[in-house]
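Please look at the sequence and the structure first.

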Amino acid sequence: MSQLYDLRMLIENKIKADGLDAMDVKGKIGLRSGRMLAFITPTTADEPQAVAKLRQAVKDVLNINA
Amino acid sequence: MKLNLIRTKVLAAMVSCLLAGVGGIVALMHYSFARNSQALGTESVTSAQKLFTILEARETSKMAAVSDTLMMNPQLRDAFAAKDRGRLLELAAPLYPQLKREGITNWMFHTSEPDMVVFLRLHNPAKFGDHLDRFMDKEVVRTHAPAVGNELAKAGFAVRILRPFYDSNGGVTGYLEFGEELGQFIHAMKSQTGDDYGLLLSKKFVDRQFWADSNAVWKRRDNWDDNANFVVADRTTSNDGIIQFQGDLAGVSGQGEVLEYFRNGNSVLVRGIFPIHDAAGNAVGAMFVVRDISGFYLSMRHTQNVLILLTVVALTLGIIMVLTLLNNLVFRRLQHIIMVATRVVGGDYEREIRVDSDDEVGQFEQLFEQFRRVFVDLLAHVPELQEKSELQHK
């Protein structure tokens with residue numbers, strides 16, 4: 001599995017665990033990272049720049065160091 | 001509060017307007033007060049000068065009438081013609097207290113020229129035989145007509161009338177003089193206007209020893225050293241502090257001058273001065289005028305406070321109204337667009353933007369809603385969309 005997908009799973013789990021508004025959280029992370037989470041699959045290729053952007057977005061929105 | 005928000009910038013602009021408005025009002029009121037107090041001061045000086053002139057003319061007229069009456073008295077006329085001092089004093093002395101009550105403090109008979117010495121002083125009978133040699137003495141000898149004016153003499157600074165005294169044959173037997181102390185004018189002026197006055201005499205025209213002697217006689221403090229160029233002959237207030245003048249009395253404009261306005265305790269006062277000339281036209285003294293303008297000042301301050309309060313209330317209401325309008329018409333709707341855009345990216349493809357108005361923001365809402373539909377439609381047709389099932393459930 002790709003790092004991007006791992007990050008996506010991390011986000012989904014955090015949303016479930018904390019009972020967050022899924023659409024709102026995913027939207028904010030998607031806008032910050034420039035990538036819709038719905039398009040990230042286990043086979044999505046890891047581009048270093050995309051991984052870094054998503055990681056930073058996760059930190060900004062959920063305050064998690066992924 | 002974020003500084004880059006339009007809301008913050010608008011608020012800052014409005015608060016700046018508020019401060020500028022209040023500052024403008026304070027500056028305007030200060031300017032207005034300065035101008036009005038200057039006008040009040042000018043009016044005080046002008047009216048005091050007019051009043052002084054009127055009093056001078058009235059008293060001169062009174063003294064002229066009294067002298068006319070006296071010259072018609074044959075006993076007085078004969079006694080003076082005979083140079084019988086004892087008889088003259090006997091006849092005139094009973095009249096002097098009455099005249100003094102009316103303000104005529106100086107009463108003299110002078111012999112005719114060429115000697116022209118004081119024959120009798122009703123206000124000081126023991127002293128006679130001295131030669132005064134004043135401008136008015138020379139003038140009355142020269143013209144043989146009444147000489148009128150202010151004259152600084154040993155008995156003080158007084159408005160005087162000096163006129164020839166004729167015997168029964170119409171010949172000049174001597175001269176008759178009446179005088180009223182100018183100092184008493186200022187008390188009459190105060191009772192009429194409520195302003196305070198001070199009578200200043202230039203030291204150039206006052207003998208130092210005479211001043212010391214007269215203060216001793218009147219049991220007054222010798223104030224010679226209080227001021228550099230003048231002495232205060234009389235004043236209507238016990239407060240010396242309000243009479244302040246550093247210049248030369250000879251340099252005071254004939255129209256009078258407003259010096260300054262100042263505070264004394266809770267009072268706000270304005271000072272002015274106008275010159276007093278003697279019969280020869282010399283600026284021998286000046287009248288100092290102090291008017292209390294506290295009432296005007298308090299009224300101006302009240303107006304200023306009301307204006308500031310009204311400005312603050314009006315601009316505060318304006319700020320609230322503008323921010324409320326901006327919030328309802330712009331900020332809240334922009335926030336809604338941001339929320340919808342965020343949720344669409346998050347997967348909420350059904351959330352729509354309500355377009356309730358066709359104003360500028362409404363046009364943008366409509367455009368964005370159209371864009372959202374295109375975007376959702378595009379997502380629905382992406383074959384690679386792994387979350388297709390998720391889309392269909394929505």
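Are helix 1 of chain B and helix 8 of chain B roughly parallel or roughly antiparallel to each other? The model is predicted, so local features need pLDDT of at least 70 and side-chain atom pairs count only at pLDDT 80 or more, while totals for chains, interfaces and linings use all residues. Residues are numbered from 1 along each chain as its sequence is written, and chains are lettered from A and ligands numbered from 1 in the order in which they are written.

**Helix pair**

The axes of helix 1 (residues 6-71) and helix 8 (residues 294-346) of chain B cross at roughly 165° and come within 10 Å of each other. Axes are lines fitted to C-alpha atoms, for helices over the stretch in contact, and angles run from 0 to 180 degrees between N-to-C directions. The two helices of chain B, helix 1 and helix 8, are therefore roughly antiparallel (an angle over 145 degrees).

**Sheet**

Chain B has an open sheet of 5 strands in the order 7-6-10-9-8, with antiparallel pairing. Helices (H or I, at least four residues) and strands (E, at least two) are DSSP runs, numbered from the N terminus; two strands pair if DSSP finds at least two bridges between them. Each edge strand pairs on one side only:

| Edge strand | Residues |
|---|---|
| Strand 7 of chain B | 230-235 |
| Strand 8 of chain B | 257-264 |

Strand 8 of chain B pairs with strand 9 (residues 267-277) of chain B over 7 bridges in the antiparallel sense. Opposite Glu257(B) stands Ile273(B), in strand 9 of chain B.

Notes. Parallel < 35°, antiparallel > 145°, perpendicular 65-115°, else oblique.
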